[in-house]
Amino acid sequence: MDILATLSKLAADSGFSGFFAEGGWKNLIMIAVACVLLYLGIGKKFEPLLLVGIAFGMLLTNIPGGGLYHMELWDAFLAGEVGYGDILHDGGLLDILYIGVKAGVYPCLIFIGVGAMTDFGPLIARPSSLILGAAAQLGVFLAFFGAICLGFSGPEGASIGIIGGADGPTAIYLTGLLAPHLLGPIAIAAYSYMALIPMIQPPLMRLLTTEKERSVKMEQARAVSKREKIIFPIVVAVFVILLIPSTAPLIGCLMFGNLLRETGVTERLSDTAQNALMNIVTLFLGISVGATTVASRFLSLETIKIIALGLIAFALSTIGGLLIGKVMYKLSGGKINPLIGSAGVSAVPMAARVSQVEGQKANPANFLLMHAMGPNVAGVIGSAIAAGFLLAVFGA
């Protein structure tokens with residue numbers, strides 16, 4: 001009898017029994033979704049550095065009985081009933097790692113690495129690229145209004161709209177502060193659409209531009225001095241933070257990382273930011289974001305709306321950049337290829353590469369990559385400013 005009772009208790013306590021409990025079928029669906037995302041990340045190489053981590057976090061959080069992430073604990077945190085100390089004491093491993101997301105630490109650390117890897121030379125050489133980077137934030141605000149029309153609150157709409165900026169860390173940062181209960185679907189939508197840029201953007205580029213416009217060969221931009229590259233992050237940090245103080249965490253970290261790259265005397269720190277720091281933070285960020293995709297909350301009509309709005313936001317941002325690119329084409333007397341406008345979304349450097357590919361299809365002698373990098377890095381700044389603006393409006 002003792003053996004039977006022990007075996008019965010083990011069976012009841014096992015995770016397998018959780019699949020037979022009420023709502024257990026949802027966990028099975030989420031585990032299947034996690035496996036699909038793992039396939040896309042590993043087999044198809046869709047944003048693998050983060051998608052693999054997010055998918056595995058999704059897998060872990062939906063295995064019954066694991067106790068790695070407690071949604072109810074974070075609900076109590078948002079209600080002001082518990083603090084970080086309670087989470088450190090009572091939470092599981094992924095609860096503890098998620099503190100870095102909720103506090104906005106991981107995205108800011110990633111921005112230091114992004115800054116260290118970014119060459120702002122093309123933007124400095126052609127400042128008009130800032131206009132294209134700003135235009136490519138169109139989808140952020142139009143998707144925000146669309147989310148409001150569909151019944152989302154202001155903070156939720158802002159978090160959904162920022163998907164249009166095509167900047168995963170920024171989307172995670174803003175959502176973690178404004179609508180953490182939507183973090184899972186928003187993060188997955190953001191990184192999925194970033195990975196699908198080569199499929200989403202080209203049809204829009206061909207639809208909105210003519211063969212003549214796409215074949216424009218742009219003149220080589222001027223050389224940028226070392227002094228300009230050092231002064232740039234300092235000036236941008238001071239000006240943008242004074243303009244919108246809530247951008248300080250993202251813009252400050254981005255420009256600090258870039259300054260490490262350009263000084264010429266901090267190579268070791270720049271190398272650490274680009275490699276060791278980025279890799280460590282990416283590990284923690286991916287798996288802790290994936291942990292928020294709890295079946296009972298993720299499998300809902302809200303998630304479908306978010307994924308649809310994210311795609312619309314991304315498409316509208318691409319369209320905004322292309323339309324302003326066409327305006328600049330006209331104003332410059334046909335010297336600016338409007339294809340570089342689509343690179344104004346901040347998916348660096350993939351969006352710039354897509355501009356290059358489409359330009360070469362129209363004119364094999366066309367080399368748009370460096371010209372497109374200007375709007376591309378401007379988009380990084382633009383998405384951070386958009387996030388800071390939305391945080392200033394809807395933040396506590």
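These legends walk through a few close-up views of a predicted model. Local features need pLDDT of at least 70 and side-chain atom pairs count only at pLDDT 80 or more, while totals for chains, interfaces and linings use all residues. Residues are numbered from 1 along each chain as its sequence is written, and side-chain values use heavy atoms, leaving out hydrogens and water.

**View 1. Helix 17 packs against helix 18.** Residues 226-243 form helix 17 and residues 248-262 form helix 18; their axes lie 9 Å apart at an angle of about 170 degrees. Helix 17 is therefore roughly antiparallel to helix 18 (angles over 145 degrees count as such). Contact, meaning heavy atoms within 4.5 Å, involves residues including Phe232, Val236 and Val240 of helix 17 and Ile251, Met255 and Leu259 of helix 18. The contact residues divide into 12 nonpolar, two polar and four charged.

**View 2. Phe77 and Tyr84 form a ring pair.** Rings of Phe, Tyr and Trp (its six-membered ring) pair if their centres lie within 6.5 Å; planes under 30 degrees apart count as stacked, over 60 as edge-to-face and the rest as tilted. By this rule there are nine aromatic pairs. Here the centres are 4.8 Å apart and the planes at 40 degrees, so the pair of Phe77 and Tyr84 is tilted. Phe77 is buried at 15% relative accessible area, whereas Tyr84 is partly exposed at 31% (buried means under 20%, exposed over 50%, partly exposed in between, with a 1.4 Å probe and protein chains only).

**View 3. Phe120 meets Phe232.** This pair is tilted too, with ring centres 5.2 Å apart and planes at 40 degrees. Because Phe120 lies in the loop between helix 8 (105-117) and helix 9 (121-125) and Phe232 in helix 17, the pair ties together parts 112 residues apart in sequence. Phe120 and Phe232 are both buried.

Technical notes
Axes are lines fitted to C-alpha atoms, for helices over the stretch in contact, and angles run from 0 to 180 degrees between N-to-C directions. Helices (H or I, at least four residues) and strands (E, at least two) are DSSP runs, numbered from the N terminus. Angles under 35 degrees count as roughly parallel, over 145 as roughly antiparallel, 65 to 115 as roughly perpendicular and the rest as oblique. Ala, Val, Leu, Ile, Met, Phe, Trp, Tyr, Cys and Pro count as nonpolar, Asp, Glu, Lys and Arg as charged, and the others, Gly among them, as polar.
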